[in-house]
Number of protein chains: 2
Amino acid sequence: MSTAEETADGEVQPWDEVTPDAARRLLVAAVEAFAERGYHATTTRDIAGRAGMSPAALYIHYKTKEELLHRISRIGHEKALDVLRTAGESEGGPAERLAEAVRSFVRWHAGQHTVARVVQYELDALGPDARAEIVALRRQNDAAVRGIIEDGVAAGDFDVPDVKGTTIAILSLCIDVARWFNVNGPRTPDEVGALYADLVLRMVGAKG
Amino acid sequence: MSTAEETADGEVQPWDEVTPDAARRLLVAAVEAFAERGYHATTTRDIAGRAGMSPAALYIHYKTKEELLHRISRIGHEKALDVLRTAGESEGGPAERLAEAVRSFVRWHAGQHTVARVVQYELDALGPDARAEIVALRRQNDAAVRGIIEDGVAAGDFDVPDVKGTTIAILSLCIDVARWFNVNGPRTPDEVGALYADLVLRMVGAKG
DNA sequence: GGGCACTCTAAGCGAGCGCTCACCTTCGGA
DNA sequence: TCCGAAGGTGAGCGCTCGCTTAGAGTGCCC
């Protein structure tokens, strides 16, 4: 499922498996444009131009502008879910697993903040069917985090009065990184991940 | 629909001072439309229609569609900042002040989530000047929260290794409530506020 | 060499956009 | 009773949007 290759700085490139080359260039161009201006403010002429092609070329590889957004959303969510699950299934107790999950998930949302922004904030631009598919993927994120917290509570490692509410808050915290993270800012994705892992362990009252 | 009155929980509708009546109706209609569909996907015909007027009437009260967004953003930010500052200046030690600030701020973002969504997510649709004005208001939010945390650290009540980072995280947590909060969901704004105040006190390692 | 599948472009269609304009109605004050 | 300001409308302008169409260039198999 995830043939995600890694770059020098450890970031996962989500588009490796998209072929042919022209289709991938269009997808990358669309991500940049959607992240910068938003879906509705982006024109198909702009996307095609960024990919070095004429406006009509877009419609050889994608049926509509919405299909581009749908593809981006699905791939983006799948990659993020993959990152979260892999980390959550790592060795160690609930505290280590939760910390690793938050660290990875935040690192992804910071490093891939352009993709994450599109994926998180343009959901409403999708039609009902595509939207339902993406919402289902989101629920799997929720379940993955809640599972770790429940494990920690059952083991007596965490002190969490409201598991569902705390799960929402933790995911919300991680996801919103995509909104404010700035590549030219003072923090690297790794540093934000480390900070957030510590904060989340405090939120669940982890022992130690 | 939403007239300028106080709701049951004492929250003030932000548009009381906007006159004349037609201008206020247009503003409220614009908030609803922008929150539902996004700024760029909203047409001036839709806004005017919701306010029960012809498309041309909009331009009697506002020069452009962007001016509507600018007005909404400024008023929304000012109200939110007011809520945050009032709570932060309340009686009690840093822990009580921080808890009250988070509780009020979250309650506002949940209760006024349509306004908050517009204000937080449509910033990029503003021109450079209007945008700079709004960014300045945001920095005041940041300073208000950081002030309380610094007080708590100085008094020995909080344990916060990274004050700036923790401030960003706390504000991010509160603001993102506007994205996921659902009126038909299981939680009231008050309940979310209480949960989040508790979580934030844990994040800053408040004694007790 | 010839036919075919694939990829791309130049040109442009119909629709809907933000916004304007000429004109109409209402109403308080002289 | 008449006037002018304020607030409203119907029609529509100029433009750009998402998307389509006719046809050209290229490489591959026979």
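R37(A) is partly exposed, with a relative accessible area of 42%, where buried means under 20% relative accessible area, exposed over 50%, and partly exposed in between (1.4 Å probe, protein chains only). This is a predicted model, in which local features need pLDDT of at least 70 and side-chain atom pairs count only at pLDDT 80 or more, while totals for chains, interfaces and linings use all residues. Residues are numbered from 1 along each chain as its sequence is written, chains are lettered from A and ligands numbered from 1 in the order in which they are written, and side-chain values use heavy atoms, with hydrogens and water left out.

The side chain of R37(A) meets that of D46(A) in a salt bridge, at 3.2 Å from N to O; a salt bridge is a side-chain nitrogen of Lys or Arg within 4 Å of a carboxyl oxygen of Asp or Glu. D46(A) is placed in helix α2 (residues 44-50) of chain A, helices being DSSP runs (H or I, at least four residues), as strands are (E, at least two), numbered from the N terminus. Leaving aside neighbours within four places in sequence, D46(A) is in contact (heavy atoms within 4.5 Å) with A33(A) and R37(A). Both partners also belong to a network of salt bridges that links E32(A), E36(A), R37(A), D46(A) and R50(A).

Over all chains, a search of the whole structure finds 40 salt bridges.

| Salt bridge | N to O distance |
|---|---|
| R37(A) and D46(A) | 3.2 Å |
| R50(B) and D46(B) | 3.3 Å |
| R97(B) and D151(B) | 3.2 Å |

R50(B) and D46(B) both lie in helix α2 (residues 44-50) of chain B, four residues apart, which is about one turn of the helix. R50(B) is partly exposed at a relative accessible area of 30%, whereas D46(B) counts as buried at 16% relative accessibility. The salt bridge between R97(B) and D151(B) links distant parts of the chain, with R97(B) in helix α5 (residues 94-111) and D151(B) in helix α7 (residues 128-154) of chain B, 54 residues apart. Here R97(B) counts as buried at 17% relative accessibility, and D151(B) as partly exposed at 35%.

UniProt, in an unreviewed entry, lists residues 43-62 of chain A as "DNA-binding region"; its positions are given in the numbering used here, feature names are shortened, and annotations may be inferred rather than shown by experiment. Over these residues the chain is 55% helix and 0% strand, and the end C-alpha atoms are 14 Å apart.

Which residues are closest to DNA strand C? Of the 16 residues that surround DNA strand C, the closest are S54(A), I60(A), H61(A), T43(B) and Y59(B), a residue being near a strand if one of its heavy atoms lies within 4 Å of it. Sugar and phosphate account for 54% of the atoms of DNA strand C that come within 4 Å of the protein.
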